[in-house]
Amino acid sequence: QVQLVESGGGLVQAGGSLRLSCAASGRSISDYAMGWFRQAPRKEREFVASFSWGGRNVAYADSVKGRFTISRDNAKNTVYLQMNSLKPEDTAVYYCAADAVAVTSQSNYWGQGTQVTVSS
């Protein structure tokens, strides 16, 4: 099975950028659908962006389209989330997820999360 470790979170001003990384070990990310979710205080975990299994299809939440970009480096076994034009409402713990076909909030494999805080 795959293990996931996120990094790259931090405190940034509104309008700024961050790049999150999700380093996988144990299995290749090519074996999974991969994605990012986030959870703000007192809110449900929500979908942000994902690759389907095989990496052909990419999906984004409407709230991040045009600002966030998901990418992958198979050689480094890592998935990234480039976040630009950040807004205070993007503040959340960001989680990397992996699953056999598609990632959902019920996916099998999760990282520990990385905190992103956007100040106004």
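Predicted model: local features only at pLDDT ≥ 70, side-chain atom pairs only at ≥ 80, totals over all residues.
Which side chain does the side chain of D90 join in a polar contact?

**Entry 1, D90.** I looked up the polar contact first. The side chains of D90 and R38 are joined at 2.9 Å. Then I placed D90 in the fold. D90 sits in the loop between β8 and β9. Next I checked its accessibility. D90 has a relative accessible area of 1%. I log D90 as buried because that value is under the 20% cut-off.

I also listed what D90 touches, leaving out residues up to four places away in sequence. R38 is in that list, along with R67, F68, S85, V116 and V118.

I found S85 in the loop between β8 (78-83) and β9 (92-99). Its relative accessibility is 41%.

I then looked at another positive phi. R42 has a phi of about 65°, and R42 is not a glycine either. R42 belongs to the loop that runs between β4 (33-39) and β5 (46-51). Is R42 buried or exposed? I read 82% relative accessibility for R42. R42 counts as exposed because 82% is over 50%.

Notes. Residues numbered from 1 in each chain as written. Heavy atoms only, no water. Helix = DSSP H or I, 4+ residues; strand = E, 2+ residues; numbered from the N terminus. Buried < 20%, exposed > 50% of the residue type's maximum accessible area, 1.4 Å probe, protein only. Polar contact = N/O pair within 3.5 Å; in protein donor to acceptor, adjacent residues only side chain to side chain. Contact = heavy atoms within 4.5 Å.
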